[in-house]
Amino acid sequence: MTGSHPLLEKIAKPFAEAGECLHFLFQMLGGVRFRGAQAAAVLQQTYLVGARSLVIIMICGFFVGMVLSLQSINALEQFGASNQVSLLVGKTLFRELGPVLTALLFAGRAGTAITAEIGLMRATHQIDALELMAIDPVQRIALPRFAAGVISVPLLTAIFNAMAILGSVILSIGVMNLDSGIFWSKLQTSVYFGEDLIHGMWKSLVFGGITSLVATYFGYYSKPTGAGVGTATTNTVVISSVFILIFDFIMTSFLT
Amino acid sequence: MESKTDNSDSSRPVIRIRDLVYRRGRRTILDGISLDIEQGSMVAFMGPSGVGKTTILRLISGQLRPAEGTIEIDGHRVCSLSNRELHHFRRNLGVLLQEGALFTDLTVFENIATPVREHTDLPEALVRRLVMSKLNAVGLGGIEERMPHELSGGMARRVAFARAIVLDPSIMLYDEPMTGLDPIAVSTIRTLMRKTNDTLGLTSLVITHNVNQMIELVDYCYIISEGRIAGEGRPRDLVESTEPGVDQFMNGKVEGPIRFQYQAPGTPWGLLD
């Protein structure tokens, strides 16, 4: 874009960056070898980014379930339908809130960690060292973290959903004294495996891909300075959050 | 440049650089550098910070491509190698970067084993023997399970050195290998570099700005200034050189042709005037 109008450059920059990001994705996918060492690296990263996000996901899921039930019961009471709370909570949670909130939390907790770690590897010449050892740094560093994100987010979403239902049960049955039989039967008959649960899981798979792609991309191409790594980390949270919400709308439009 | 080294048994140039030009944007970093480096020699590229010494190393290793000119290593033109060929070429290259650049998420053992695992199919027992032999060679047997953050600067540099030589490369590139080390660690690294070069018959290139560290170590020096070779010769000869640019750098003089301060037009004076 050298020599073109600055305004045109500003307009073209996000598209160019999106293209580079996709190229980075294909570079990663081209490096999939199904070798034992690569699988071990993915497993290790799944532990680091996935298992270590469990506590925050469980706590947030539990309280989201409680607050969702509280608000729903208050609203439904006006129509004398507070015993329908499990239907409302289940549908909202499995289709929307579970995948979206898990992905946003994952971006904040694990996405930033991935970006900062890769950015620091760039700043401390670890990526240069890999290149000079004839080891592809994209395959070695980015791919295991990307794959771990894609694997972890759907699993974390399932746990988030389970904890939210637990929170809803405690609030609705334990605190608000709703009938447990109606609560469970409504949940069982109104929330569908394919339409609701799998719908949400597809979303979480895509959100996991978006978050970990954005995190690895910004980390890998961050400027090798403290400020550069900081900016890359901020970009990871902002851009992955925006794209999660955009793709949520797109997928909801096509899946329903 | 008839004879750069006393210990080389062959005068065959293993690295040939011709009319090398490298530009970053509109700025010319290297402007027509030509030189030959003989098999078995230890050569230093010296010069003030920011003159493009590390750029030469990156061009030789194929991380950067020159705007003009050629670099031939063992008869292969580095700038025209495909990605696959470059990958193969780098397996024959050992590099010790500034600060060591150890992988912070791996133990010392795994750091050294990484290139072995990546480029060979050796069984685990042999990998272990190879890694431990290199670790013992740099005087650090017994620290293999430590993480890089548990090492001192000198130890980290020695671990990085062991990693660089683990696949027995024929060319070693050092980028400021002794920066930030205490005098004992400097002597240790210097001894390791010289002994490894002479014992294994390697060709070594050292990028540095530290004159004193190089005098006893290398066979031949190039002084880079403003993108060109400002002076060259044996280190002792360079120290005694009366050539203004060489004398200024080797003896750390403020006055001389090497420009090191930037003054905006119209600025009345500076502390260094």
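Two strands count as paired here if DSSP finds at least two bridges between them. On that basis, chain B of this predicted model holds an open sheet of six strands, and reading across gives β6-β7-β8-β3-β9-β10. The pairing is mixed. At the edges sit β6 (93–96) and β10 (228–233) of chain B, each with a single partner strand, so one side of each has no neighbour in the sheet. Ignoring direction, neighbouring strands are turned against each other by 20° on average.

Ile223(B), for instance, has Gly231(B) in β10(B) as its bridge partner. Helix α1 (residues 53–60) of chain B packs on the sheet, where it touches β3 (42–46), β7 (171–175), β8 (203–208) and β9 of chain B. The direction of α1 makes about 150° with that of β8(B).

Then there is a helix pair to look at. The axes of α5 (residues 153–165) and α6 (residues 183–200), both of chain B, come within 9 Å and cross at roughly 15°. Angles under 35 degrees count as roughly parallel, and α5(B) and α6(B) are therefore roughly parallel to each other. The crossing of α5(B) past α6(B) is right-handed. On the α5(B) side, the contact is made by Gly153(B), Gly154(B), Arg157(B), Arg158(B), Phe161(B) and Ile165(B); α6(B) brings in Ala185(B), Thr188(B), Ile189(B), Leu192(B) and Thr196(B).

Key: Residues numbered from 1 in each chain as written. Chains lettered and ligands numbered in written order. Predicted model: local features only at pLDDT ≥ 70, side-chain atom pairs only at ≥ 80, totals over all residues. Axes fitted to C-alpha atoms, helices over the stretch in contact; angles between N-to-C directions. Helix = DSSP H or I, 4+ residues; strand = E, 2+ residues; numbered from the N terminus. Parallel < 35°, antiparallel > 145°, perpendicular 65-115°, else oblique. Left-handed = near helix turned anticlockwise from the far one by under 90°. Contact = placed C-beta atoms within 7 Å.
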